Amino acid sequence: SFTFDRKLYILSNIIKSIFLFFISCNFFLLEANNHFTLDWESNSNEIKSLVISYAIPDFWSILITNRTMKINTLFHHACVIIATLFIIYSDLSKPGVHISFIMYGLFSAYTFLVNYFLGARFIHKFSNKMINFTNLTYMVSCALNWDWQLYYTIYNFYFSFQWFVFITLLYFWINDDIILVKFLLNYKNSEFKI
């Protein structure tokens, strides 16, 4: 009974949640294998592979579901692709903007429940407890992410074009996060339709 665009939206969000779950588990295992003191240089290839995995669903969304996508989400996905290209050509052994990009994506990967909810809410009714839990995990992840970003930026900032690009992309990501938190806070089960 869904339109083709709605089916694509549902599928792309559920597929993205699977990608994010995979990324968060793999990054956790990568850190655990290094006793939670990640050597960015020796794990550079694995980290860059996870970054590319993170960008695949966003690239897919821009290509396939862009007609129904809100402008802030479109900017969010475009920023992910820009950051991915930047990370691929960066030396991970040195501190800089690329580490901020990677960490923003990592914290976002741990919010895979939100993408699952966004897609599955059209085919499954969620309890209010599950919706609240999903939003809580999202808000906690955002808060930890923004705190980490602030700390890292304060200690590694220097005037350059790279940091200007980072702060610009960060604005679009945070704006999209805030819009999503508001949506989840105001979501009512009465919106469920099959």
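Reader: What makes Lys16 and Asp58 a salt bridge?

Author: In this predicted model, the closest N and O atoms of Lys16 and Asp58 are 2.7 Å apart. A salt bridge requires a side-chain nitrogen of Lys or Arg within 4 Å of a carboxyl oxygen of Asp or Glu. The pair of Lys16 and Asp58 therefore counts as a salt bridge.

Reader: How many salt bridges does the structure hold?

Author: The structure holds two. Besides the pair of Lys16 and Asp58, the side chains of Lys94 and Asp91 meet in a salt bridge, at 3.8 Å from N to O. That value is within the 4 Å cut-off, so the pair of Lys94 and Asp91 qualifies.

Reader: Is Asp91 buried, exposed or partly exposed, and what makes it so?

Author: Asp91 has a relative accessibility of 39%. Buried means under 20% and exposed over 50%, with partly exposed in between, so Asp91 counts as partly exposed.

Reader: How do you know how helix H6 runs against helix H7?

Author: H6 (residues 128-156) and H7 (residues 161-186) pack at an angle of about 160°, with their axes 10 Å apart. Angles over 145 degrees count as roughly antiparallel, so H6 is roughly antiparallel to H7. H6 passes H7 in a left-handed crossing.

Reader: What makes up the nonpolar patch on the surface?

Author: The patch is formed by Leu136, Met139, Val140, Leu144 and Leu185, with about 440 Å² of accessible area together. Its largest share, four residues, comes from H6.

Reader: What makes Ser108 buried?

Author: Ser108 lies in helix H4 (residues 97-109) and has a relative accessibility of 11%. The limit for buried is under 20%, so Ser108 counts as buried. The C-alpha atoms of Ser108 and Tyr138 are separated by 8.3 Å, while the two residues are 30 residues apart along the chain.

Key. Residues are numbered from 1 along each chain as its sequence is written. This is a predicted model: local features need pLDDT of at least 70, side-chain atom pairs count only at pLDDT 80 or more; totals for chains, interfaces and linings use all residues. Side-chain values use heavy atoms; hydrogens and water are left out. Patches are made of residues with over 30% relative accessible area and no salt bridge: like charges are joined within 9 Å, nonpolar side chains (Val, Leu, Ile, Met, Phe, Trp, Tyr) within 5 Å. Accessible areas come from the Shrake-Rupley method with a 1.4 Å probe; for residues, only the protein chains shown count as cover. Helices (H or I, at least four residues) and strands (E, at least two) are DSSP runs, numbered from the N terminus. Buried means under 20% relative accessible area, exposed over 50%, partly exposed in between (1.4 Å probe, protein chains only). Axes are lines fitted to C-alpha atoms, for helices over the stretch in contact, and angles run from 0 to 180 degrees between N-to-C directions. Angles under 35 degrees count as roughly parallel, over 145 as roughly antiparallel, 65 to 115 as roughly perpendicular and the rest as oblique. A crossing is left-handed if the near helix is turned anticlockwise from the far one by less than a right angle, and right-handed if clockwise.
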